[in-house]
Amino acid sequence: MTAMDHTSPTGGAWAAVLAAAIGCACFGLVTDLAEMSKSISNVLNIHNPTGDLSGKSAVGVAAWLLAWGILHARWRGRIIRRPGGITLLSVVLLLLGLVGVFPPFVDMIAGH
Amino acid sequence: MELTSREFWTALHGMVLGAGFLLAFSGGFAALWGLRPDWLTAEGAAKLLRQLAVGSWGMAILAWLAVLLGTYVIYPWYRAKAPAGAGADLLAGFPKYLLLSKPQSKEWHEFGMEWKEHIAWFCPILATAVAFVVARYGQQVAADTKLRRALLILFTVSFFCAAVAGAFGALINKAAPTR
């Protein structure tokens, strides 16, 4: 097999991976903040029929796209030297996001 | 045999879009797992990459449609506030309040729906990242074990999120149907 590309920069690919994990972590964080503070929940209620889920999802998606744009601009022409570190960081951020939306954890930090 | 408008949109959300994503996952995972230089000819890899790019973008689109339809069309029906003092008959039209009205069913909302409505949003974000990387950096994905492994992690987490959302969606809709 000869057509595989071992040398082109993959910074843009790693930017997409890490940005997705950042978006999920931000979603978890904003979910917890909304549960801890009624005023934050009210601010996030940008579409009343859906409630604060509309704002949480908007913030999560915006954080993901913003992180992706910034990381892509910085990394797209680069060969990433320590991709294992990005994978590890992404896994940690994903776990934080998953814990952040897990109801027993949300209830615990919100004092329910 | 007929579906109300709400039942139609709920079925489209869960049984077409959500189930479509879940069904496509195993094929996508196997293709991504098998995208290895030592397992494929150049021609085979190019063909597999085209299939993966189309399939992973298809899955990302399914995930976005499912989440947007769920959040902005079906969820408002689910969480609509029931009139004060509504009896059991009236509560049937307000699934969230029907579930909360009984101790034995309130966890379906307080645990199941609370988890589902949030974790579901991870799925399209992760699926989009996988689709972008496969479509844009396919040759490098095939050559780079670490990049392929990172994508497999994202892809698997997106499946887990969709599975949690789908399972609770089905169970909650059984306990308190959106009609």
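Predicted model: local features only at pLDDT ≥ 70, side-chain atom pairs only at ≥ 80, totals over all residues.

Colleague: Where does B:Leu68 sit?

Modeller: B:Leu68 belongs to helix 2 of chain B. Helices here are DSSP runs of H or I with at least four residues, strands are runs of E with at least two, and both are numbered from the N terminus. Residues are numbered from 1 along each chain as its sequence is written, with chains lettered from A and ligands numbered from 1 in the order in which they are written.

Colleague: Thanks! Is B:Leu68 buried, exposed or partly exposed?

Modeller: B:Leu68 is partly exposed, because 15 other C-beta atoms lie within 10 Å. The cut-offs are 20 or more other C-beta atoms within 10 Å for buried, 12 or fewer for exposed, and partly exposed in between, with C-beta atoms placed from the backbone.

Colleague: What does B:Ala63 touch?

Modeller: Setting aside neighbours within four places in sequence, B:Ala63 contacts B:Phe21, B:Cys123, B:Pro124, B:Ala127 and B:Ala162. A contact means that the C-beta atoms of two residues, placed from the backbone, lie within 7 Å. For B:Phe122, 59 residues away along the chain, the C-alpha separation from B:Ala63 is 9.5 Å.

Colleague: What about B:Ala165, buried or exposed?

Modeller: Buried, because 28 other C-beta atoms lie within 10 Å of B:Ala165. B:Ala165 is part of helix 8 of chain B. Beyond four places in sequence, B:Ala165 is in contact with B:Gly18, B:Lys116, B:Ile119 and B:Ala120. B:Leu35 is 130 residues from B:Ala165 along the chain, and their C-alpha atoms are 29 Å apart.

Colleague: OK, zooming out. How many helices and strands does chain B have?

Modeller: Eight helices and zero strands. The C-alpha atoms of chain B fill a box of roughly 70 × 30 × 20 Å along the principal axes. Of its 179 residues, 45% are buried. For contacts in chain B between residues at least 6 apart in sequence, 78% join residues at least 24 apart.

Colleague: And how many helices and strands in chain A?

Modeller: Chain A has five helices and zero strands. Chain A is more spread out than a compact globule, because its radius of gyration is 17 Å, well over the 13 Å that the globule rule gives for 112 residues. That radius is taken over C-alpha atoms, and the rule is 2.2 Å times the number of residues to the power 0.38. Along the principal axes, the C-alpha trace of chain A spans about 55 × 25 × 25 Å. In chain A, 48% of the 112 residues count as buried.

Colleague: At what angle do helix 4 of chain A and helix 8 of chain B pack?

Modeller: About 10 degrees, with their axes 10 Å apart, and helix 8 covers residues 145–175. Helix 4 of chain A and helix 8 of chain B are therefore roughly parallel to each other. Axes are lines fitted to C-alpha atoms, for helices over the stretch in contact, and angles run from 0 to 180 degrees between N-to-C directions. Under 35 degrees counts as roughly parallel, over 145 as roughly antiparallel, 65 to 115 as roughly perpendicular and the rest as oblique. Residues making this contact include A:Thr87 and A:Leu94 from helix 4 of chain A, and B:Ala150 and B:Ile153 from helix 8 of chain B.

Colleague: Last one: what does B:Ala129 touch?

Modeller: Not counting residues up to four places away in sequence, B:Ala129 touches A:Ala16, A:Val17, A:Ala19, A:Ala20 and B:Leu154.
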